[in-house]
Amino acid sequence: MSCWGDLDLQVHHMMPGNADEFVRVRKRDLERLTTEVMQLRDFLPRIMNGDILESFQKLELVEATVDKKEREMELLKMDCEHFRARLDVAQAECMQEKKEKLVLRQQLNEARQQLMQQAEYCTEMGAAACTLLWGVSNNEEVVKNIVSGSKAVKFFVLAGQTMESFVKSLGEVMKEQHDLDSDERQFVEGLAGVVTNVAAVASGREFLVTTSRVLLDTMMQLLAEIKAGCFSRLKVLMLMSLYNVSINLKGLKYISESPSFLPLVTLLLDDPDAEVCLHTLRLLQSVILEPEVFTRMAPLLHKSLPLQRITELSNSRHKDLKSLVQELLEDMRFLESEA
């Protein structure tokens, strides 16, 4: 061993920005440092194995993913702020629309109230006017003036529409109740009464058959729709109108050829009101007394006419109904024997 083994060694050390400098290091420390470096060279590959490298790679991926998610979060925050601003605007608009809707609803209620008042007024006026017209139309000259007027066709069109609207507006409960004394009912009955009086005059019958057949169809339809036992007076008025029309030869032909005529007669004969049955049979009698009509309708009469019900009505306590049934049965027997 050198005698200088314990002496310090001078190690050349370059300091940046300064002149060359030397540092004294013991030889023993240098050897130890060299040994540690060599040991690190041996152990470092064992420590830095594949798992650690893979972990570092995964860490890098995770850090990249985190960075990406942070950027996405920033974008989502921006979108959220944008949608929040839009929501605030939409809520403000919604509140404004609610206020406007409330105002419109109030206006609608006021308009509806006014409309109801106007409808009530029109109904009262119609009931009063038609009741008066019903009364004055008993005069033949008045009827002639009515049917010769420029608004006659329009009047009877409106009459049919009004009667139809009244019947259609009745709920099932109302149809099953007894007749109610109301302006609407008086209005409709007044119209039906005017039609009846017009049909009672020859010129009126001719007018109705010629220009108002829709009205005749409407009345037959409504007679079938009103439930048995309800609005008997209205039914009687419409039956009287049809009876008066049947006195006209063209009216008789039109009614008898209607496919709904015999089913209507069958239906109305089951009504509990004796007056309805009476006027139904009067209409039937008026139709079949014409020999040609009876001959044409004879097969249908035997097939569709409820003879058993008619026979039962011959025992009615209603004198006019009882008398009419007996007369009708005799007329039918006579017409069958002549056929």
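What does the accessible surface of the protein chain come to, and how much of it belongs to carbon and sulfur atoms? In this predicted model, the accessible surface amounts to about 22,300 Å², and 57% of that area belongs to carbon and sulfur atoms. The protein chain contains 15 helices and two strands, and 31% of its 339 residues are buried. Where contacts in the protein chain link residues at least 6 apart in sequence, 68% of them join residues at least 24 apart.

On the H4 side, the contact involves Phe155, Phe156, Ala159, Thr162, Met163 and Phe166, which meet Glu184, Arg185, Phe187, Val188, Leu191, Ala192, Val194, Val195 and Val198 of H6. Sorted by class, the residues in this contact of H4 with H6 are twelve nonpolar, one polar and two charged.

Both H4 and H6 are also among the elements against which the buried residues of H7 pack. In helix H7, which spans residues 202-211, the buried positions are Gly204, Arg205, Phe207, Leu208 and Val209. Besides H4 and H6, the packing partners of these buried residues are helix H3 (140-148), helix H8 (213-225), helix H9 (232-246) and helix H10 (249-256).

The second pair joins H9 to helix H12, residues 274-288, with axes that come within 9 Å and cross at roughly 15°. At this angle, which is under 35 degrees, H9 is roughly parallel to H12, and the crossing in which H9 passes H12 is left-handed. Ser232, Lys235, Val236, Leu239, Met240, Leu242, Tyr243 and Ser246 of H9 make the contact with Glu275, Val276, His279, Thr280, Arg282, Leu283 and Ser286 of H12. By class, seven nonpolar, five polar and three charged residues take part in the contact of H9 with H12.

Glu275 of H12, which takes part in the contact with H9, is also in contact with histidine 318. Histidine 318 lies in the loop between helix H14 (307-313) and helix H15 (319-338), and its C-alpha atom is separated by 8.6 Å from that of glutamate 275, although the two residues are 43 residues apart along the chain. When neighbours within four places in sequence are left aside, the contacts of histidine 318 are with Ala274, Glu275 and Leu278.

Definitions and conventions:
Residues are numbered from 1 along each chain as its sequence is written. This is a predicted model: local features need pLDDT of at least 70, side-chain atom pairs count only at pLDDT 80 or more; totals for chains, interfaces and linings use all residues. Side-chain values use heavy atoms; hydrogens and water are left out. Contact means heavy atoms within 4.5 Å. Helices (H or I, at least four residues) and strands (E, at least two) are DSSP runs, numbered from the N terminus. Ala, Val, Leu, Ile, Met, Phe, Trp, Tyr, Cys and Pro count as nonpolar, Asp, Glu, Lys and Arg as charged, and the others, Gly among them, as polar. Buried means under 20% relative accessible area, exposed over 50%, partly exposed in between (1.4 Å probe, protein chains only). Accessible areas come from the Shrake-Rupley method with a 1.4 Å probe; for residues, only the protein chains shown count as cover. Axes are lines fitted to C-alpha atoms, for helices over the stretch in contact, and angles run from 0 to 180 degrees between N-to-C directions. Angles under 35 degrees count as roughly parallel, over 145 as roughly antiparallel, 65 to 115 as roughly perpendicular and the rest as oblique. A crossing is left-handed if the near helix is turned anticlockwise from the far one by less than a right angle, and right-handed if clockwise.
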